[in-house]
Amino acid sequence: MPAVALGLVALLWTGGDSASSLKTVIAARFPDVQRVDSATLSRWMKQAGAAQPVLLDARTKAEFAVSHLQGARRVDPDKPKISALRVAPDATVVVYCSVGYRSADIAQQIQRTGIGKVYNLEGGIFAWANEGRPIYRDDKRVKLVHPYDEIWGLFLHKDLRAPLSKKQ
């Protein structure tokens, strides 16, 4: 389903709030992908002495350049080079994108390589930022997130939306 169509379906869904409905759509499309909520991921990232999860950002270069989770590596959502990721088989991997759809697809592909602890960040970076969790540009904490486009940006609090370039 094209991204814009999926966004419209989620926004127009009659049952429950649109973010919850979007999570339901993603879970149905990728039933074998494990999900992790932002509160749990935040705990994992703060555990002293524990192996840190490998964070993979499945958004475009432009989106990643605006902000990302601290320590995240970008993977191209359109042409992922899964074999080039060099992730240990026993690593905990968390993949995220704007709302969780592109990252669920990447997580599914990583699972197929035999890595067992692969999770999709439920609600993506939008949910993370909406909850006031830290986002970064390089090593500097920032406030804004790339909204992907005008439709998807509706899932992100207005004061967190970076301006879209006129090229989009």
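Select S103 first: at 0% relative accessibility, S103 counts as buried, since buried means under 20% relative accessible area, with exposed over 50% and partly exposed in between (1.4 Å probe, protein chains only). This is a predicted model, where local features need pLDDT of at least 70, side-chain atom pairs count only at pLDDT 80 or more, and totals for chains, interfaces and linings use all residues. Residues are numbered from 1 along each chain as its sequence is written, and side-chain values use heavy atoms, leaving out hydrogens and water.

S103 sits in helix 5. Now show N120: its side chain makes a polar contact with the side chain of S103 at 2.4 Å.

Next stop, the largest nonpolar core, with 43 residues. That term covers buried Ala, Val, Leu, Ile, Met, Phe, Trp, Tyr and Cys residues joined through side-chain atoms within 4.5 Å. Helix 5 gives the largest share of this core, 5 residues. (Helices are DSSP runs of H or I, at least four residues, and strands are runs of E, at least two, numbered from the N terminus.)

Finish on L41, one of the residues with the most contacts inside the core. Beyond its neighbours within four places in sequence, L41 is in contact (heavy atoms within 4.5 Å) with partners including L55, L69 and W128.

How values were computed:
Polar contact = N/O pair within 3.5 Å; in protein donor to acceptor, adjacent residues only side chain to side chain.
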